[in-house]
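Please read the points below with the model open.

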Amino acid sequence: MLSNGFLKIASSCRSVFYRKFFINRKLCLRSSFYNFSNTTPLRSIATVSVLKVPDKPRSNTEKRYSDNALTNETLTKGTDTAKKPAFPKITEKKFQPISSEDLLEKYIAGLSTDIHLKNRVYKNDLLRVIAKVKNLNFSTKKQQLLLLRCCTELLPDEAPATRMAIAEDIWTTIEKHADFTVEHYNELLRVYLANNKSIIARSFISKMGGVQPDSTTYDLLLKVLGEAGDINQSTEVISNMKASNIPATETIFNSLIVCQGKTGNVKAINEVLTMMTSLKMERSADTYVAVFRALAFNKLREMLLEELNNAYHEHKIHFEERHIMEIVKTVAIVGMYDIVPKILAYLPETTLKTPSISAYMQSVATQLVFLNHPVIALELYKCLPLPSFGPKDDQGLHGRSLVRDCVKACIPSSVIGLITQELMASGRNPIALNNAAEAALQQGKSPLALDLFTRMKLLGLPLRPHYFWPILLLASKTYGEKGVMNTLQTMLSLDVSPDYDTIMDYALPYTSFTSPQNLMKKLLDTGVTVTCVLTPMMETLLNTGQVRAASELCELFEGKIDGDRLINPLIKGYLISLDLKSTLHILQDLNSKASDKNKDWVGRFLCNFIKNRKGKGDLRDFISILKNLRLSNLKLSTSAAEFCLSHIPENEFKEKLPYIRELLISITDEKFIDEAEMFSQNIPHPKQMTEEALRSHLVELEAKGMNTRGVLRKLLQEYCRTNNLQAAKEIVEKCNKEGVFLSAGMKAAIFDLHVKLGELELAELALADLNKSAPNFMLDEYKVIDFATLMVYRNKIDKAFELIKEQSKKRNVIGGMKISMNCWRLLDAVAAKGTYADTKTMYNLLCSLGYCKPTNIIMGPLIRVHLKDNNIEEAVNEFVRIANNYGKTPLKHELLCRILKSNFNDGSSEDHFMTNERANRRMNRSLQILLETNKNIHGASDVHLTLIAALADVGLKKILRKTLLDPQVKFHPDALLRRCERFADERNVRALETLAECATDLRHIDVTEIYDLILDIHQREDACDKALDLFNKMQDIDITPSQKFVRNLLSLLKSNNKKIPSELSAFMTKEQTTAQKV
């Protein structure tokens, strides 16, 4: 229900954006905007059409009932909009256009219907009618009175000042064509009464001019004055009534009672009642309500409750809803919240037995909310019986209006949380919190929505990625690219992983693709995985013809890609760019990095290519692709080759067909089998299903009462593989609840789930259960190492040793590069929690068993364990030992930086370090040992580069400048640039700025490349101010920025909606002029 609502909000929000920017769902960005500075311009495609979403004004009915439409409408996510059938032409009947007067009457009828059914009207509907009356300069008396009446409590969600402003606008509008009668002024007094507006009675009567006030006018005047507590004017009005021979009525005495209560004269109330008795005037429920309100104004709660009880039991006064609601509103205003439930007990019996709230009480609840009394509004619902829901009933209907009113009235989220918790705990509205979040999104209140999402998470309610779509759209409009990144970061903090649609349609269209690699790093910095964003980014690039950029992105970042989504964009990208080399690289990546490696991706590419060919030129491209495939090691299945041949017309290509057949045979692998739908119409096996297809298949099997174990197992594996731990935990709970038999593989996946969640005790129990039920089952090496790492972090190092030794006895350890990072994490954990001896023992154990091999990364913890204790001397000794035994130099840069920093712990200056070497003899000795050892392994040039990098990282500018000016210090500029790129990956701005400052005016170092890298860091962080400061700093020291720098800075400012400085615009204009001359 909430999901459909969020989808509706996101769709409507997107249409607003698309009206302004005309963005296509798939082709969101121009190809020229993405190009790298070192790539050639791409060909423009005239056939690409851009989707333009037209404005669709919503009717009044749609606005009014949008809540129900939002909740009940069934929306299909991820499918294209179906074409509507054309309506037949109507030739026989001609519809006459409706006249303006009839249209006005139709609008008025809508207001009347709302008053009758809902006891309220909506502001937009009322304003539309007023605008129509202004346009026509015409309205009937009945219409005029209705418009004035609408400015009372019939607008419960508007402030009194707003209602009075609308009333004054109505009065001014109808004054031009209406003949005012006493009914008009009486209605105006009711407006004053509802909005607590004070008046001067004499002035009001004089304003009436020739219209004579009647008894109703005086009654209303006294009510207005009574609510204001103006006893003097009330006495004057009563005198005028006596002079006009207007008899006293109960209403007049009731107004006097309220007035005396307002003034605090409680004793005078009895005098008024005595006077009524002397006139033999019976007290109705209205009189008792006036007395109760007067007592409430003076906070006499006990007396109020006593009088209320006497009136009900002794005098047999039966109160209607309006009576009790008047008392409740007064009690709420004076702050006597505690007696409200007792007052509500006197509601009519039929009301107290009906679960659904009446239209009048709901309107009062809205008034209370906008008067900042939401807790009292909740009491109106609590006094009613609990609703009972059928299987098809909308469980979110009861109390939805209350929750939405709280959101609209800007009630604090803590109060909204209490109200929704009460509605949910009582069973009145199980999805009240969802309703609140939905309303916050509809009204564009993102901070409130995020706070409500946090509450949903704490209560264990599911959060879906598409709940954040409206927030992403709003954030992108307000804060640009930075808003998108912050929202993604917030999603992950709430344990919601963005899915493909979120990244593709709601994140990437509002980011800059000037540097795709930099954009990828920014996305990864938010916490999303490479697998999550790699496919959408590649698809976006391919759709704009940037095949090379997509290929480089896939090569640089390790992650799984969705081949099914990339096949058609890859074909499109190839046809735009004709970059066959990069296309083949992506096909190779599909074979190695696709989430399903068993599919024939080359065959699918060729089949889709030949299936959608247009003209002879496409066949020439097809032959060219086959030729290049023959030169590579890529193969396709027999079924794919047969499919391609079957789609080549023999009559049209009779001469080329044998050659094409020969090419296809040369790249066909008969052992390769792919049961794709285009080759066979069989239902795919769960092994070939995507996560979404598996969920749908699970629902289908459950509905049919069939065995679901295989699908549950596959889903569990899929969730564990994608680190969707919350969803995996739900599958485990489902299996336990339904008593599903768990195979050894499923138990292993559950064990791994507990390890990833850091649940050591549950992981130990799961492993014991696995060993008991399947003693011969072997855990894979990754799970063993990860479990040992968790044990170390829980200070169980000895158990970690026992686990590895015990598990290694059952297997032939394979090891390899893929598990090396798991081994490093284990060794790093031992170094952090244990001693050097523990770390050394664990390293020897892993290497001896074949889990890993000696590398710089693996042996780094052997040195870090000494740095943890600040034992630099032992760290240097270990460094020398490793270098001599293995020819490796692990943690070289970090160790060198620690040695340099240790010289300044006592506050000594850089000059002191340069001149007084004897005072630092021990540290200088360690420095010389480290550099000499590094020289023996890597050579003199690497020593110089290592020292320069460490000096820049520590910030020793004078020594660094002196080193760079030394003619004996030699290194390759490209090697220094690679070191700077590493600083950029680490976001080490200080080191890059130090190096750029010290390398200024040196011919062999291009400082503009260093400034480009600094800007890349600011671009990843969306730090526009820092980027501009960097640009201004370059201007001050007369460093001309590169073209790449100017383009990236412009892109950063535009994507974050920042003003572009004139100096930067001048550089861009100069660059464009130079390009035109060339």
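1. Among contacts in the protein chain between residues at least 6 apart in sequence, what percentage join residues at least 24 apart? The share is 71%, where contact means heavy atoms within 4.5 Å.

2. The model is predicted: local features need pLDDT of at least 70, side-chain atom pairs count only at pLDDT 80 or more, and totals for chains, interfaces and linings use all residues. Residues are numbered from 1 along each chain as its sequence is written, and side-chain values use heavy atoms, leaving out hydrogens and water.

3. The protein chain has 59 helices and 0 strands; these are DSSP runs numbered from the N terminus (helices H or I, at least four residues; strands E, at least two). Of its 1078 residues, 49% count as buried (under 20% relative accessible area, with exposed over 50% and partly exposed in between; 1.4 Å probe, protein chains only).

4. Glutamate 691 lies in helix α38, residues 691-704. Because its relative accessibility is 24%, glutamate 691 counts as partly exposed. Leaving aside residues up to four places away in sequence, glutamate 691 touches Leu715, Glu718, Tyr719 and Asn724. With tyrosine 719, the separation is 28 residues in sequence and 8.3 Å in space, C-alpha to C-alpha.

5. The largest cavity is lined by residues including Glu481, Ser512, Lys522 and Gln1019. A cavity here is a set of points, on a 1 Å grid over the protein atoms alone, where a 1.4 Å probe fits but cannot get out; lining residues have an atom within 4 Å of a point. Helix α29 (residues 516-525) gives the most to this lining, with 3 residues.

Conventions: 1 Å grid on protein atoms, 1.4 Å probe; cavity = no way out; pocket = protein on both sides within 12 Å on 5 of 7 lines; lining within 4 Å.
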